[in-house]
Amino acid sequence: MKNKNIVGNSHVMIPFILVLLIIVAMGVSCSETTGVQKGSITGYVALINDTNDPANDPLDFSGITVALYSLAKLDTTVVRINQRYPHIGVQISQRTEFDHRLQNAVAYNLTDVDGFFTIDKVSTGEYNLVAYREGWGFLYEYHVVVTNDEKALSSASNPFFLYPDRYVPSQVFDNYIFLPNRHYVFEENTNFHESSSIVIKSNSTLRINSGKNVVAYGAVEFETISNSYFYVTSNHGSFQRNSIVASYGSFKIASTSDESARVISNGVFKFGRNSLIIERSNFTVENCIFDGQTIGCYLTNNSSITVRNSLFRNS
């Protein structure tokens, strides 16, 4: 009886083992086909000295950090309002919400002497790309899609461009234009005197050192285009990750500024203690985002001020 039991059990166990092996093989096969897909991106970044200062001429294009970041999470309440009432309030997007200082990079690499970069083994998906080098500002490319192969984002003949940081003097008496895709650094408290006239254009970035203030006593004009923004932000942590960015003091348009009608449109003011102060009259503020530590936009000693389609919140 004992031997018969052994033989009987062996007949049962053999099919069981075969089935188990088939299941394991299928599991391995499924894990291989359903695993996380990986891809890579390549491209070029060039450093262009357009300041007419030979001291800013780069030796080569090496050492530029190129990094991929997760998309910024958009406020679902604001997104819902944007969708339901598209003509009410500023439309938020990656352009208005993303800031590389507030998160860690998913992956990164450095450029070689020719400005070439490659980032390998990245999970497929959608990212924001950031390229930066200290003294040369940073650039954003939004909604970069990584697929399960190699994707070239730029070429040697058509690279991404970085330009030297412009350091704004503490006292400005002449006209000053803030150009697109350039970064302007305010290291000290800065005054644009009554004799000066400033123009701020779309895609320019004004980086003010923490605790410092900028005051415009002369004419101020904002030249912006639809779906593009100018940025006024803190300079703190521009080339590193900081979960808490130290605020700049304020950007103020003084009462002595010219009295012709002015419009501030498509501006993003981030990480300011008092992000924007307007002391003069006859001003319209529209399609702006104010992300201030204390006050987003402070209006004082003025009349005929219109504020519309703008978003205010505390950082």
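This is a predicted model: local features need pLDDT of at least 70, side-chain atom pairs count only at pLDDT 80 or more; totals for chains, interfaces and linings use all residues.
Asn128 belongs to strand S5, which covers residues 125-132. Is this residue buried or exposed? Its relative accessible area is 0%, and because buried means under 20% relative accessible area, Asn128 counts as buried.

The surroundings of Asn128 may be described next. Not counting residues up to four places away in sequence, Asn128 touches a run of residues from Ala67 through Leu68, Tyr69, Ser70 and Leu71 to Ala72. Gln94 and Phe98 also touch Asn128, as do Glu141, Tyr142 and His143. Two of these neighbours are linked to Asn128 through polar atoms. The side chain of Gln94 makes a polar contact with the side chain of Asn128, at 2.9 Å. A polar atom of the Asn128 side chain also lies 3.2 Å from the backbone nitrogen of His143.

The backbone of His143 has a positive phi of about 55°, although His143 is not a glycine. With 42% relative accessibility, His143 counts as partly exposed, because this class lies between the limits of 20% for buried and 50% for exposed.

Which other residue has a positive phi although it is not a glycine? Phe271 does, with a value of about 60°. Phe271 is found in strand S21, which spans residues 267-278. The relative accessibility of Phe271 is 8%, so Phe271 counts as buried. Thus His143 is partly exposed, whereas Phe271 is buried.

Methods
Residues are numbered from 1 along each chain as its sequence is written. Side-chain values use heavy atoms; hydrogens and water are left out. Buried means under 20% relative accessible area, exposed over 50%, partly exposed in between (1.4 Å probe, protein chains only). Helices (H or I, at least four residues) and strands (E, at least two) are DSSP runs, numbered from the N terminus. A polar contact is a pair of N or O atoms within 3.5 Å; within protein, one must be able to donate a hydrogen and the other to accept it, and residues adjacent in sequence count only if both atoms are side-chain atoms. Contact means heavy atoms within 4.5 Å.
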